[in-house]
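Please read the numbered points with the sequence and the model in view.

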Amino acid sequence: MGHIIGPFGVYGWVKVNPYTEYIDGLMQYPIWWLSKDNKDWQKVHVVSGRMNGSILNAKFAEYTDRTQAFALNGMQIAIPRDQLPDLSENGMDGYYWSDLIGTTVQNLAGEELGKIVGLLETGANDVLCIQNGSEDKKEILIPFVDQFIIKVDLKLSRVIVDWGKDD
């Protein structure tokens, strides 16, 4: 749902780069889960937050000073799936980034480009990070825009793209 990019001020506030559609979208959830390794998650209680340009500043009940907040730098933010709005399984009314991880990517020629291993938010548009299945484990980056993303089919766990194998 986002990640912490550093402390803000001296009273334990943090700066958050949200992955949500709206910058303050995370503020509807009073409990966040934080982790650096996607394994050891810790629960935090959000007591306040406000937008600051394209960044969200947030205050947790458990952290009261800058030193404590600094230790959260780089932490990923998650919200339990059961707290998020329900979306259809076929993806027709949208999907979450986590739904795309592990999905096979094929181009219009039917060639398999690899599997989605992550997504990047660049500011201009999101970018699919695809790792091919060959020995070199080459990473392919494809902008997540209508020009290149033809179809997302969650039922078949496949994304069809207009992208050459060697682009």
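1. Across the whole structure, a search finds 2 salt bridges, a salt bridge being a side-chain nitrogen of Lys or Arg within 4 Å of a carboxyl oxygen of Asp or Glu. The model is a predicted one, in which local features need pLDDT of at least 70 and side-chain atom pairs count only at pLDDT 80 or more, while totals for chains, interfaces and linings use all residues. Residues are numbered from 1 along each chain as its sequence is written, and side-chain values use heavy atoms, with hydrogens and water left out.

2. Helices (H or I, at least four residues) and strands (E, at least two) are DSSP runs, numbered from the N terminus. Arg 81 is partly exposed, with a relative accessible area of 44%, and Asp 99 is partly exposed at 21%. Here buried means under 20% relative accessible area, exposed over 50%, and partly exposed in between, with a 1.4 Å probe and protein chains only.

3. A salt bridge is also formed by Asp 153 and Lys 151, whose closest N and O atoms are 4.0 Å apart. Asp 153 is buried, with a relative accessible area of 14%, whereas Lys 151 is partly exposed at 46%.

4. Which strands make up the open sheet, and in what order? The order is S10-S9-S8-S7-S12-S11, 6 strands with mixed pairing; two strands pair if DSSP finds at least two bridges between them. Strand S10 (139-143) and strand S11 (149-153) stand at the edges with a single partner strand each, so one side of each has no neighbour in the sheet. The twist averages 35° from one strand to the next, where axes are lines fitted to C-alpha atoms, for helices over the stretch in contact, and angles run from 0 to 180 degrees between N-to-C directions.

5. Several pairings within this sheet can be followed residue by residue. Strand S9 (residues 126-131) pairs with S10 in the antiparallel sense over 5 bridges, and Cys 129 stands opposite Leu 141 in S10. Strand S7 (residues 104-107) and strand S12 (residues 158-161) are parallel, with 4 bridges; Gln 106 has Ile 160 in S12 as its bridge partner.

6. S11 and S12 pair in the antiparallel sense over 4 bridges, with Ile 149 opposite Val 161 in S12. The hairpin of S11 and S12 has 4 residues between the strands, and Ser 157 takes a positive phi near 50° there.

7. A closed barrel of 6 strands with antiparallel pairing runs S1-S2-S5-S4-S3-S6. Its twist averages 45° from one strand to the next. Strand S1 (residues 2-8) and strand S2 (residues 13-18) run antiparallel and are joined by 6 bridges; Val 16 in S2 is the bridge partner of Ile 4.

8. Taken as a whole, the protein chain has 2 helices and 12 strands. Its C-alpha atoms fill a box of roughly 55 × 35 × 30 Å along the principal axes. Of the 167 residues, 37% are buried.
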